Amino acid sequence: MDFSEQLDEIRAAHPPVDLIENRTTFGGPDAELSIYDTYNKASFVRLQRPHPLICGMIRGKKVVHVPGDGSGHPTDRSASVPSSESADAMKEEASQEKASDEETSQDPFDFMPHETLILPSGRPVYIDFPEAAPNAPTTCLTVEIDHDRIQQVVDRMNQHMSRAPESEPWSYSDAQPLHYRHLSDVDETARRLVQVFTEDRPYKDTLIDLGITELVVRLLRTKARALLLSHSAEQSDSNGMAAAVEYVKRNLHRRITIDEVAEAACMSTSSLYRYFRNEMGCTPLQFITTCRIQQAKSMLREPGQSVTGVAYDLGFSDVSHFIRTFREAEACTPGAYQQRFASTDSSSSQDL
């Protein structure tokens with residue numbers, strides 16, 4: 001059974017009660033999984049939960065409005081999605097509330113399928129549903145995790161998955177929303193949790209506990225990886241992992257050895273492997289390959305680039321190796337990837 005069939009089965013067992021953010025919930029130890037379906041277009045629908053909320057977009061599109069000052073709207077409002085008010089009444093009331101916070105609000109952003117959004121506890125967001133329809137509901141999967149449970153995972157990570165000496169210990173910040181695109185490992189973990197939460201097994205709670213631990217670990221690694229990638233240049237003089245990342249980014253045009261990366265990071269190769277595993281969730285070699293593939297995708301979208309030229313410009317020993325590595329990472333050849341973007345550009349030009 002694929003994931004869409006699984007959701008259809010859940011809807012059949014739990015028919016919708018509300019047309020706007022109908023919520024089907026399954027409880028577990030220190031966590032709660034919910035599936036939200038919206039069947040009508042709506043604006044400024046409030047969402048606020050008492051614990052950190054990990055959201056994965058499944059179908060459709062949401063536009064998310066986040067109050068910029070962190071205070072949200074008046075705290076005497078309902079702490080969950082309204083269910084008994086009509087869509088028009090909700091839109092009218094929320095529009096009035098939102099107007100008072102307009103000057104301190106961040107720019108709204110689109111929340112699309114296969115993206116991940118982490119919402120802080122107790123802080124409201126307001127959501128538009130521009131594409132929802134009765135035969136094509138906008139669907140979102142959420143996992144709400146108790147603060148103490150997250151801290152338990154953080155403590156275990158600091159005990160068993162220590163970061164490099166120059167890096168800060170693992171921690172979870174509950175201050176600002178975090179929006180990530182295309183986290184395939186996080187997306188896959190969250191979808192697996194649907195089956196675990198909804199099945200009736202004697203060891204269900206144990207499986208939920210393991211799944212929640214995996215989800216938190218992957219999200220914390222994602223945040224650490226994003227910070228290293230974006231700040232590697234400015235931190236390379238004082239942080240060994242940042243120095244390793246920056247060395248790789250600057251030398252993608254040639255063959256890179258692990259000994260070179262370890263020397264740049266001022267650590268042994270065994271320490272380099274350990275800290276890459278702990279902080280990045282991959283080996284140094286896997287990281288180098290990922291960086292090369294990402295750079296190759298960018299180059300292949302440029303007019304006039306050849307697959308052979310890109311392969312040699314990125315330090316691959318031969319074109320066959322490049323094609324094989326690219327196919328393993330992207331499920332298509334570099335040539336097919338290039339043709340896909342060429343046809344997209346051609347269609348866009350014709351539309352103009």
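How many residues line the largest pocket, and which of them lie nearest its centre? The legends below start there. This is a predicted model, where local features need pLDDT of at least 70 and side-chain atom pairs count only at pLDDT 80 or more, while totals for chains, interfaces and linings use all residues. Residues are numbered from 1 along each chain as its sequence is written, and side-chain values use heavy atoms, with hydrogens and water left out.

**View 1. The largest pocket and its lining.** Here 27 residues make up the lining, and H182, L183, S184, R225 and T290 lie nearest the centre. (A pocket is an open set of points on a 1 Å grid over the protein atoms alone, where a 1.4 Å probe fits, with protein on both sides within 12 Å along at least five of seven lines; lining residues have an atom within 4 Å of a point.) The space inside comes to about 1100 Å³, a volume being what is filled by probe spheres set on the points, which are joined across faces, edges and corners. Helix α9 gives the largest share of the lining, 8 residues. (Helices, H or I with at least four residues, and strands, E with at least two, are DSSP runs numbered from the N terminus.) Sorted by class, the lining has 10 nonpolar, 9 polar and 8 charged residues. (Ala, Val, Leu, Ile, Met, Phe, Trp, Tyr, Cys and Pro count as nonpolar, Asp, Glu, Lys and Arg as charged, and the others, Gly among them, as polar.)

**View 2. The second largest pocket.** This one holds about 320 Å³ of space. Its lining has 15 residues, with R163, S167, E168, A224 and L227 nearest the centre.

**View 3. The largest nonpolar core.** Look for 36 residues here; V248, L272, M280, F287, F322 and F326 have the most contacts inside the core. (Such a core is a set of buried Ala, Val, Leu, Ile, Met, Phe, Trp, Tyr and Cys residues joined through side-chain atoms within 4.5 Å; buried means under 20% relative accessible area, exposed over 50%, partly exposed in between, with a 1.4 Å probe and protein chains only.) Helix α9 turns up again, giving this core its largest share, 7 residues.

View 4. F44 is buried, at 18% relative accessible area, whereas C266 is exposed, at 71%.
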